[in-house]
Amino acid sequence: MLTLTSPVETWAHRLPAGLKLGLLALATTGLFLLDHPLMLGLAAVATAGLYATAGGRFALSGARLLWPLWPFVVIVGLWHLWTGAAGAGGAILLRMLTAVALANFVTMTTRLSDMIAAVQRLARPLAVFGLSPRRLALAMALVIRFIPVMLERMSQITESWRARSSRRPRWRVLVPATLAALDDADRAAEALRARGGAG
Amino acid sequence: MERTLTHVALFAALIAVLGLIPKLDLAAGVPITAQSLGIMLCGTVLGAKRGALAVLLFLALVAVGLPLLSGGRGGLGVFAGPSVGYLVGFPIAAFVTGWLVERTTLPVGFAATAAAVIGGIGVLYVFGIAGMALVLGKTLPEAALLGMAFLPGDILKAVLAGMVTQSLARMRPASLLSRA
């Protein structure tokens with residue numbers, strides 16, 4: 001499956017995932033403590049510099065990841081221009097974009113397997129509640145495996161509908177899709193039990 | 001044990017798949033994605049605890065970098081953006097929805113619709129609006145105004161969640177873990 005990890009190998013790919021996550025937590029906390037537009041502007045420039053050290057292609061895909069935020073930029077921008085508090089609006093937008101860009105940077109430079117390993121380490125205390133790291137890893141693997149299976153089934157359901165009706169299926173795919181998910185869950189549970197259980 | 005694990009995993013996958021269907025395939029003219037429908041279904045079908053776990057598992061996979069949120073978004077960035085409140089509210093919404101379905105003896109279709117409205121809209125909006133207010137530096141009423149744009153689509157989704165749950169109850173009564 002497609003992940004958001006950048007195929008462009010950068011220096012940050014070689015850092016341990018735990019270190020990057022720790023630094024990200026610190027940086028994001030710091031961002032929310034900063035208030036002055038100038039300071040936030042410097043943080044934004046530093047973040048842009050961070051992307052620049054990884055090369056043009058990497059920076060471009062990083063910018064593309066920020067694109068879904070544009071409606072918020074427009075709304076907040078217009079609102080603050082209208083109320084005449086452009087400085088405050090700029091601070092809010094800079095903080096938001098910088099925080100998202102920093103988090104995206106960690107995601108883009110950490111392989112999925114490393115990130116899952118980090119999550120399992122972080123989730124270790126949850127074993128007290130019966131969630132062993134092994135079960136968590138198994139559940140994550142099941143989801144990743146079943147998403148393409150369910151997408152395929154969804155398009156099969158749509159096609160069978162189309163073969164029998166001239167109307168579009170729309171929401172009518174929902175019941176068979178949910179039913180199939182429940183049946184898959186039962187079958188996967190049987191298969192797990194036959195192989196020694198989920199531990 | 002295995003059954004709980006696989007149900008949680010399969011419904012986490014269902015949330016992802018529903019977020020990937022193109023918007024306009026679901027209903028004519030209303031720009032909605034089915035992702036929050038997946039959250040509601042987790043509650044109405046799996047019940048409070050399993051439903052919330054399925055949503056948490058889905059969010060964990062988003063956080064580690066899979067682009068599973070509607071529109072192909074994902075990674076740690078979405079937890080720093082304006083939609084963070086909705087993400088935090090997702091598991092709580094599923095829990096409340098499931099809890100309500102478990103606790104009432106009303107006809108299942110009606111109970112599921114009402115629970116989806118209260119949990120999947122009411123509870124979710126409280127968190128979502130608070131999150132937008134925080135990240136965008138707005139007051140709560142201003143943020144609420146932004147959030148209301150999604151209300152018509154979400155009401156439609158609550159009704160769909162009720163209908164799907166009722167159909168499942170009729171076809172496969174044992175599969176409805178929220179009423180088991």
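Q: How many helices and strands make up the secondary structure of chain A?
A: Chain A comes to 8 helices and 0 strands. A helix here is a DSSP run of H or I of at least four residues, a strand is a run of E of at least two, and both are numbered from the N terminus. From the N terminus on, the elements of chain A run α-α-α-α-α-α-α-α.

Q: What kind of model is this, and how are its parts numbered?
A: This is a predicted model, in which local features need pLDDT of at least 70, side-chain atom pairs count only at pLDDT 80 or more, and totals for chains, interfaces and linings use all residues. Residues are numbered from 1 along each chain as its sequence is written, while chains are lettered from A and ligands numbered from 1 in the order in which they are written.

Q: What makes chain A more spread out than a compact globule?
A: Its radius of gyration is 23 Å. That value is taken over C-alpha atoms, and the globule rule is 2.2 Å times the number of residues to the power 0.38. For 199 residues the rule gives 16 Å; 23 Å is well over that, so chain A is more spread out than a compact globule. The C-alpha trace of chain A spans about 60 × 50 × 35 Å along its principal axes.

Q: How do you know whether chain B agrees with the radius of gyration of a compact globule?
A: A compact globule of 180 residues would have a radius near 16 Å. Chain B has 15 Å, so it agrees. Its C-alpha trace spans about 45 × 30 × 30 Å along the principal axes. Chain B comes to 7 helices and 0 strands.

Q: What share of the residues is buried in chain A, and what share in chain B?
A: Buried means 20 or more other C-beta atoms within 10 Å of the residue's own; exposed means 12 or fewer; partly exposed lies in between; C-beta atoms are placed from the backbone. In chain A, buried residues make up 32% of the 199. In chain B, they make up 65% of the 180.

Q: How is chain A divided into domains, and how far apart are their C-alpha centres?
A: Domain 1 covers 11-122 and domain 2 covers 129-194. These bounds come from an automatic or database domain assignment. The C-alpha centres of the two domains lie 34 Å apart.

Q: Which residues is B:Ala9 in contact with, leaving aside its neighbours within four places in sequence?
A: Contact means that two C-beta atoms, placed from the backbone, lie within 7 Å. On that rule, B:Ala9 is in contact with A:Ala139, A:Leu142, A:Val143, A:Phe146 and B:Leu57.

Q: How many residues of chain A are in contact with chain B, and what makes up that side of chain A?
A: 54 residues of chain A are in contact with 49 residues of chain B. The largest share of the side of chain A that touches chain B, 12 residues, comes from α8(A). That side divides into 42 nonpolar, 8 polar and 4 charged residues. Nonpolar covers Ala, Val, Leu, Ile, Met, Phe, Trp, Tyr, Cys and Pro; charged covers Asp, Glu, Lys and Arg; the others, Gly among them, are polar.

Q: Is B:Val117 buried or exposed, and how do you know?
A: B:Val117 has 20 other C-beta atoms within 10 Å, so it is buried. It lies in helix α5 (residues 108-136) of chain B. B:Val117 and B:Lys157 are 40 residues apart in sequence and 9.0 Å apart in space, C-alpha to C-alpha.

Q: Why is B:Ala114 called partly exposed?
A: B:Ala114 has 17 C-beta neighbours inside 10 Å, so it counts as partly exposed. B:Ala114 also lies in helix α5 of chain B.

Q: What does the predictor give as confidence for chain B and for the complex?
A: pLDDT is the predictor's confidence in each residue, from 0 to 100. The mean pLDDT of chain B is 89, and 94% of its residues reach 70 or more. The complex has an ipTM of 0.90 and a pTM of 0.90.
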